[in-house]
Each structure stands twice: as C-alpha cells, then as structure tokens.
Amino acid sequence: MSPTPAIRPVLAVVTAAVLWGTSGVVGRSLNESGVPPLTVAALRVVIAATVLVAVPRLRPAAAHRLPRRSPVVIGVGVLLAIYQATFFAAVPLVGVTVATMVSLGAAPIVTAAVGPLVGDTRAGVATWTAVLLGALGVGLLSGGGGTSLGWAAVGGAGLARVAGSGYAGVTLLGRHARDAVPGALVTAAFPVAAVVLLPALVGLAGAELDGGDVAAIAYLGTAPTALAYALFFGGVARIPAATASTITLLEPLTATVLAAAIFGEALSPVGVAGAILVVLAGGLAVRAALPRRTTARTPAGVPDR
C-alpha cells in the first residue's frame, strides 16, 4: 500500500532528515584523512549540484521550467553555502554531534518565529509544543555529549548558531516553491551554493585520499545531499515550514545513534532523555502536518477538504 498524498510530503522530510544524519560520520572520517572542513562542505555541494542537474529522476517532469523568482533561487543557494560552511567550520571546535545539535536546535524556533512575517503558515499550539520539546531535547543531547566549554567551543557554538539561522532561511525560502517547481528550485539553488564554495576545493591539495575516501565523498554528495535536499524541498512546499524544520530534528538523533554505534560514543542518561524528547517532537510535528479529520458527515456532492 502506497502512502496517502497527505503523508507523502511528511515522509519525504523524515527521509531527508535521516539521510542528513549520516553526513556527520562521513565528514568526520574525511577530516581524519586530511580534508579540511570547508573543503568537505564544498565537495558536498559541488557533487550535489552536479547530480541534481544530471539525474532526471531527482527532478520533476517540469524541471526544465526553472523558477522565475531568481532572487529566491540565489537566496536559497547563498543560504545553503552559509549553512554548510559555518556548520563544518564549527565541527573542529565543538565536534560533529554538538555542532549538529546547536545548529538544528535553533532552526525550528527561528522558523516558527519568523515564518508568519514572510507569509508562512502561522505555527499552532501543536507545532510550537513540538518546537520547544525539540529544542529542549537537542539541548539535553548536547549536554549529554560531555563536551567541555572554552573560548574555542564558544566560537564553535556561535558558528553553529549562524548555521542554524541559515538553515531556517533555507526552509522559509523553500516555501516559495509551492508556486514553482520544488525540484527545479533545488536544481537551480545548488549550483549557486557550489559557486560560492568552489574556492574551498583548494584544500584537496594537501589531502591523501584512498578508495574509501573517494567513495565517502561520492556518498556525501549524493544520498545525504542531492537526494535528501530534493526530498526535503519537495516536502516542505506542502507542509508548514516550522513543522518541516522540527521534523528534521531527527537528523541530530540519527547522527547521535550512528556516533554511538560506529565510534562508541555512549549517551549519558541526560542524552538519552534528550533523544526521547526529539522523537516526541518529531512525532508531534508529523501529526501537526497532517490534515485534521472530523466526524461530521460531508453532504453529498461536496468534496472533503
């Protein structure tokens, strides 16, 4: 049985969040191979831009009709570049897990607060509850990581907050895709981000890459980037931006689980409590995105809404 039309955009955003959660582990392995963080961000975006342009299945049938709102395309591309650059710049200072937690923890609150000012659906009680639960859960997960604070960590947290604001901006501008073609918006925006980050590829000069590293770079630019962003923009155009941003809190949860499984990073009891709150927040966000059902009968000849 295929998903109903109402649940498909929600499933698309959920899938994107889980795929994004794998990128931190891949990025860390590339850092250990000598690839600078900004170069990792550039590789991720450049490969994704190439794949989105080259693979028709990642674009709708009307993808050749690029959005007419060129400022929106440019804005999404620049914000994507800012998000990627500041996030990966924060990683060496505070670690992948904490950088992910801080950046995505701020994003849904910014989205819910600013969204109504730019024409997005006003967040309801259920969405705000999910936002606050998610932010609290992310905070507990960050505290459960055992990272000691210092000036470097403070700077890293600041960069992660900038990344979170850029991520929220991407979410909000992505909502304009409802009047255009979501896949075309992604296809158009990623080349802009690639151009912005292209100079960072110079960092490859000092890296010694083996076959595993090349495979990791290819994966990073495809599954958790090209595919994930195509799914995300396709879903965010059909559900409230604050809801979509909250659902993506599954990304830090996925990253935390993978870090524990692959690198042996065990969660403290506080971190476990945070993970539970993130799951609850994601569930509430999914429920808030679905249309409400009423028990009243619809008169004959009048379609349900």
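Me: Helices (H or I, at least four residues) and strands (E, at least two) are DSSP runs, numbered from the N terminus. With that in hand, in which helix is the place of valine 162?

Reply: Valine 162 has its place in helix H7, which covers residues 151-174. Before going on, please note that this is a predicted model, where local features need pLDDT of at least 70 and side-chain atom pairs count only at pLDDT 80 or more, while totals for chains, interfaces and linings use all residues. Residues are numbered from 1 along each chain as its sequence is written, and side-chain values use heavy atoms, with hydrogens and water left out.

Me: Thanks! How many helices and strands does the protein chain have?

Reply: The protein chain has 12 helices and zero strands. Read along the sequence, the pattern is therefore a run of α elements, written α-α-α-α-α-α-α-α-α-α-α-α.

Me: What is the mean pLDDT of the protein chain, and where is confidence lowest and highest?

Reply: pLDDT is the predictor's confidence in each residue, from 0 to 100. Here the mean is 76, and 71% of the residues reach 70 or more. Among the helices, H5 (residues 96-114) has the lowest confidence, with a mean of 70, and H3 (residues 37-54) has the highest, at 92. Over residues 293-305 the pLDDT is below 50, and beyond near neighbours in sequence this stretch has two contacts in the model, a contact being heavy atoms within 4.5 Å. Where pLDDT is low, the predicted coordinates should not be read in detail.

Me: What share of the protein chain counts as buried?

Reply: Buried means under 20% relative accessible area, exposed means over 50%, and partly exposed is in between (1.4 Å probe, protein chains only). Of the 305 residues, 49% count as buried. For contacts between residues at least 6 apart in sequence, 90% join residues at least 24 apart.

Me: Which residues have the most contacts inside the largest nonpolar core?

Reply: In soluble globular proteins, nonpolar side chains tend to be buried together. A nonpolar core is a set of buried Ala, Val, Leu, Ile, Met, Phe, Trp, Tyr and Cys residues joined through side-chain atoms within 4.5 Å. The largest one here has 68 residues, and those with the most contacts inside it are Leu30, Leu80, Phe190, Tyr229, Phe232 and Phe233.

Me: Let me pick Tyr229. Which residues is tyrosine 229 in contact with, leaving aside neighbours within four places in sequence?

Reply: Tyrosine 229 sits in helix H9 (residues 211-236) and is buried at 3% relative accessibility. Its partners are Trp20, Leu80, Tyr83, Gln84, Val186 and Phe190. Alanine 12 is 217 residues away from tyrosine 229 in sequence, yet the two are 9.6 Å apart in space, C-alpha to C-alpha.

Me: Gln84 is among those partners. Is glutamine 84 buried or exposed?

Reply: Glutamine 84, found in helix H4, is buried at 2% relative accessibility. With neighbours up to four places away left aside, glutamine 84 is in contact with Ala41, Arg44, Val45, Leu197 and Tyr229. Its C-alpha is separated by 8.1 Å from that of alanine 42, which is 42 residues away along the chain.

Me: What relative accessibility does glycine 164 have?

Reply: Glycine 164, in helix H7, is buried at 0% relative accessibility. Between glycine 164 and tyrosine 83 there are 7.0 Å in space, C-alpha to C-alpha, although they are 81 residues apart in sequence. Glycine 274, in helix H12 (residues 269-289), is likewise buried with a relative accessible area of 0%.

Me: Now the outside. Which residues form the nonpolar patch on the surface?

Reply: Accessible areas come from the Shrake-Rupley method with a 1.4 Å probe; for residues, only the protein chains shown count as cover. The protein chain exposes about 14100 Å², with carbon and sulfur atoms supplying 67% of it. Patches are made of residues with over 30% relative accessible area and no salt bridge: like charges are joined within 9 Å, nonpolar side chains (Val, Leu, Ile, Met, Phe, Trp, Tyr) within 5 Å. Ile74, Val78, Ile82, Val162 and Val196 form the nonpolar patch, with about 360 Å² of accessible area together. Helix H4 (residues 70-94) gives the largest share, three residues, and valine 162 is partly exposed at 41% relative accessibility.

Me: And which side chains meet in a salt bridge?

Reply: Side chains of opposite charge can pair when their charged atoms come close. A salt bridge is a side-chain nitrogen of Lys or Arg within 4 Å of a carboxyl oxygen of Asp or Glu. The count here is one, and it joins arginine 28 and glutamate 32 at 3.4 Å, N to O. These residues are four apart in helix H2 (residues 23-32), so about one helical turn separates them. Arginine 28 is partly exposed at 28%, whereas glutamate 32 is exposed at 58%.
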